[in-house]
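Biologist: I am new to this model and would like to learn how to read it. Could you take me through it feature by feature?

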Number of protein chains: 2
Amino acid sequence: MDNFTFHIPTRFVFGKDAELQTGKKLKELGFNSVLIVYGQGSVVRSGLLDRVKQSLKESDIQALEIGGVVPNPVDGPVYEGIRMGREAGIDCVLGLGGASALDTAKAIAIGIPYEGDFWDFYSGKEKVKKALPIVSVLTISAAGSESSNSSVITKESVMLKRGLNTEFIRPQLAMLNPELTFTVPAIQKAYGIADMMAHIFERYFTNTQDVLLTDELCEAVLRTVMKSGPKALFNPQDYSAHADIMWASTLAHNDTLAVGRQQDWSSHGIAHGISARFSAPHGAALAVLFPFWMQHQLEHDVERFYRFAVKVMGLNESENHKETALEGIQKLRSFFDSLGLPHSLKTFGVKAEDLPQLLEDVKYKADGTIGFFKPLTKEDVLSIYKAALE
Amino acid sequence: MDNFTFHIPTRFVFGKDAELQTGKKLKELGFNSVLIVYGQGSVVRSGLLDRVKQSLKESDIQALEIGGVVPNPVDGPVYEGIRMGREAGIDCVLGLGGASALDTAKAIAIGIPYEGDFWDFYSGKEKVKKALPIVSVLTISAAGSESSNSSVITKESVMLKRGLNTEFIRPQLAMLNPELTFTVPAIQKAYGIADMMAHIFERYFTNTQDVLLTDELCEAVLRTVMKSGPKALFNPQDYSAHADIMWASTLAHNDTLAVGRQQDWSSHGIAHGISARFSAPHGAALAVLFPFWMQHQLEHDVERFYRFAVKVMGLNESENHKETALEGIQKLRSFFDSLGLPHSLKTFGVKAEDLPQLLEDVKYKADGTIGFFKPLTKEDVLSIYKAALE
């Protein structure tokens, strides 16, 4: 196990009607004004925005709002939110919706106290040194943004999707009501399931030795997601399944499962371009790419993929570990299939002639590779993209 | 899954030489003076106290100290620490050692800002409303006190051992270096293993339905403890095993594994008197009592004990769930045996004639029972004590 530091400052309020406590909880934290960031109107139509505003009003908290955030959120609303938040001198930024609203809220929260262009943080030009407090009222279980240190924004003018990781953007408060996720369309739930599983995979496939405890924790949550995920997808009123998935998506991405181990993140890195250029849903791109990444990386550590096949995918132990490992990857693909997830980049309209540009979009490390498990060269990435185009 | 709130404010610094960062981390949190609370001198002899003081000095943090805390800590050092801390106007209280030092530090931290007798909080007369910040430098993996909301103190004059639970006493900072636990005597490691497993059992045996995710998490950590625990015990230089156990003991008692489910705590409740009156090590008393508690409660939920037998104790699935459940309990007893833990209350000198007093010592709820899984009446407790005296 590697040395680590770990601190999740987020206060979680989980359960039925959690959102109605938003005002009260913000007041307890000493906040008096908030900028609400939301998406394309479903929170307006469902009445959720009104319920949250009513809760804020009851606690005498001033609220501004900005809507129009799109999936794979872009920089436009970030600039507008920064302008509005500065002008009103707000105390905190509340993402109302899914990861897109929250990732935008995070970008606004670091942009307000920064004199330069907020994109400097995403491009890697500057390090974040402060942020306004961030709050989440979540409506979809997927990205784990409600307690993660990440935010992903696409710069629209150049179609570059970039992730940022900094402890300054972990939300201070997360209101998690599983019932709010009942009405998420089934395919969106499937994207969410792929996303949370991918977050665990990025941590599970590691070179760090002797990480039994976090291996067990990762496997525990993966098995739960594979059991409760389909239930949530096919039974929109199943509270327990939605609750499992909601809390799993949080744990999947706040490092509870993965302290003290090297993480990979190359699959996310090579998926970003697919989303940015082809509007591929993040979870869908990951569902396509991850099994191909696994096949490509199998030889690097057959035993780890064998363990995955047995402990997570439920295959019987065998003599031929490599064969079982391959079956495990195939079974993962079948699981994704069963949720209606795609299995080829063709689904998003990607063509062979797009690959050179996609290869250029990838953010490689200084040594020209991406990831840590077995770092991918540009040739490796091309090989995975090609396999995923079959 | 029940509604829940969850917030772990603790900043964990985990790994080799973690204790050398104590001063730096305290400074980052804005503290300038600290009262160090420790036990019976092993931290002096090992040089740990000096290393921590040196680290504080390098960050210009004033340090006072109070030693002499005993296992199953008593109220004397608490009163003395409160007096010293008030007089010097210290900023925070640092427990250096195991749970006894930290539980004492917690009692001091709530006692300093309170005008009355700190025991009011443990007797249930008063609710905690504030506390000085608490810090831990841990030397034994067991109680999870480094991020739990609990503290247990014995009032020596009446030999009453009482637990307190309040969010105000979760430490703000925990320095966890597994190497500091290498030299813990094997039997103390065994007590710690029983203690952390018991913390999970108290959460695992629940009536709350549909808690798959936390069931899986509890089982994951229990399996890890049963695998890494003996390694740590029998191989005093095995860093990975000690690291697993150290982090497992933290997770076992900060509710990471058990949000949204009813907990029991009757086994701890009936073990406290054994420790208070017979100086039984806490983990040893739990190792004796828990298997008898399980047998006594088996009929209440055979399926849960069957699941435990299969998922945690590693027994094969079977037709006869009750028989397998019983085998699981027996296998747990054998596991405790293999660590050198006792299996009868006789070990502590308890005799049949002591039982009436022990029964009186138990802190029952208003309805005369203790626990929540299947609440124990006084007759139930007597029956468990009697079985454990065979």
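Modeller: Start with one residue. This is a predicted model. A:Glu87 is exposed, with a relative accessible area of 64%.

Biologist: Which residue does the side chain of A:Glu87 meet in a salt bridge?

Modeller: The idea comes first. Side chains of opposite charge can pair when their charged atoms come close. Here the partner of A:Glu87 is A:Arg83, at 3.0 Å from N to O. Both residues lie in helix α4 of chain A. They are four residues apart, about one turn of the helix.

Biologist: What else does A:Arg83 form a salt bridge with?

Modeller: A:Glu80. The closest N and O atoms are 2.9 Å apart. A:Arg83 and A:Glu80 are three residues apart in helix α4 (residues 76-88) of chain A, so about one helical turn separates them. A:Arg83 is partly exposed at 41% relative accessible area. A:Glu80 is also partly exposed, at 33%.

Biologist: Where do B:Asp215 and B:Arg304 lie, given that their side chains meet in a salt bridge?

Modeller: Their N to O distance is 2.7 Å. B:Asp215 lies in helix α8 of chain B, and B:Arg304 in helix α12 (residues 302-312) of chain B. The pair therefore ties together parts that are 89 residues apart in sequence.

Biologist: Is B:Asp215 buried or exposed?

Modeller: Compare its value with the cut-off: buried means under 20% relative accessible area. B:Asp215 has 4%, so it counts as buried. B:Arg304 has 10%, and counts as buried too. Salt bridges can also share partners: A:Lys24, A:Lys25 and A:Glu28 are joined that way into one network. Over all chains, a search of the whole structure finds 33 salt bridges.

Biologist: Now a residue in a loop. Where is A:Glu19 found?

Modeller: It sits in the loop between β2 (11-14) and α1 (22-28) of chain A. A:Glu19 is buried, with 3% relative accessible area. To see what surrounds it, set aside neighbours within four places in sequence. The residues in contact with A:Glu19 then include A:Leu48, A:Arg51, A:Val137 and A:Leu180. Its side chain also makes a polar contact of 2.9 Å with the side chain of A:Asn177.

Biologist: How should I read a glutamate in a strand, such as A:Glu65?

Modeller: A:Glu65 is in strand β4 (residues 62-66) of chain A. It counts as partly exposed, at 29% relative accessibility. Its side chain has a polar contact of 2.6 Å with the side chain of A:Lys53. Another polar contact, of 3.5 Å, goes to the side chain of A:Tyr38. Beyond four places in sequence, the contacts of A:Glu65 include A:Leu35, A:Ile36 and A:Met84. Sequence and space can be set side by side as well: A:Glu65 and A:Leu96 are 31 residues apart in sequence and 10.0 Å apart from C-alpha to C-alpha.

Biologist: Next, strands. How many bridges pair β7 and β8 of chain A?

Modeller: Six, in the antiparallel sense. Strand β7 covers residues 150-155, and β8 covers residues 160-165. Pick one pair to get your bearings: A:Ser150 has A:Asn165 in β8(A) as its bridge partner. Four residues lie between the strands of this hairpin, where A:Met159 takes a positive phi near 50°.

Biologist: Which strand of chain B does strand β1 of chain A join?

Modeller: It is β2(B). Three bridges join it to β1 (residues 4-6) of chain A, and the two run antiparallel. In β2(B), B:Phe14 is the bridge partner of A:Phe4.

Biologist: How many residues of chain B are in contact with chain A?

Modeller: There are 35, in contact with 35 residues of chain A. The two chains bury about 3200 Å² between them, 62% of it on carbon and sulfur atoms. B:Met1, B:Leu213 and B:Trp247 supply 18% of the area that chain B buries against chain A, more than any other three residues.

Biologist: What about polar links across the interface?

Modeller: The rule finds two salt bridges there. One pairs A:Glu216 with B:Arg223, with 2.7 Å between the closest N and O atoms. Between the chains, 14 residue pairs are in polar contact.

Biologist: Which element of chain B gives the largest share of the side that touches chain A?

Modeller: On that side, β1 (4-6), β2 (11-14), α8 (212-234) and α9 (239-252) of chain B each supply at least two residues. The largest share, ten residues, comes from α8(B). By type, this side of chain B divides into 19 nonpolar, nine polar and seven charged residues.

Terms used:
Residues are numbered from 1 along each chain as its sequence is written. Chains are lettered from A and ligands numbered from 1 in the order in which they are written. This is a predicted model: local features need pLDDT of at least 70, side-chain atom pairs count only at pLDDT 80 or more; totals for chains, interfaces and linings use all residues. Side-chain values use heavy atoms; hydrogens and water are left out. Contact means heavy atoms within 4.5 Å. Buried area is the accessible area (1.4 Å probe) that two parts lose on being put together, summed over both. A salt bridge is a side-chain nitrogen of Lys or Arg within 4 Å of a carboxyl oxygen of Asp or Glu. A polar contact is a pair of N or O atoms within 3.5 Å; within protein, one must be able to donate a hydrogen and the other to accept it, and residues adjacent in sequence count only if both atoms are side-chain atoms. Ala, Val, Leu, Ile, Met, Phe, Trp, Tyr, Cys and Pro count as nonpolar, Asp, Glu, Lys and Arg as charged, and the others, Gly among them, as polar. Two strands pair if DSSP finds at least two bridges between them. Buried means under 20% relative accessible area, exposed over 50%, partly exposed in between (1.4 Å probe, protein chains only).
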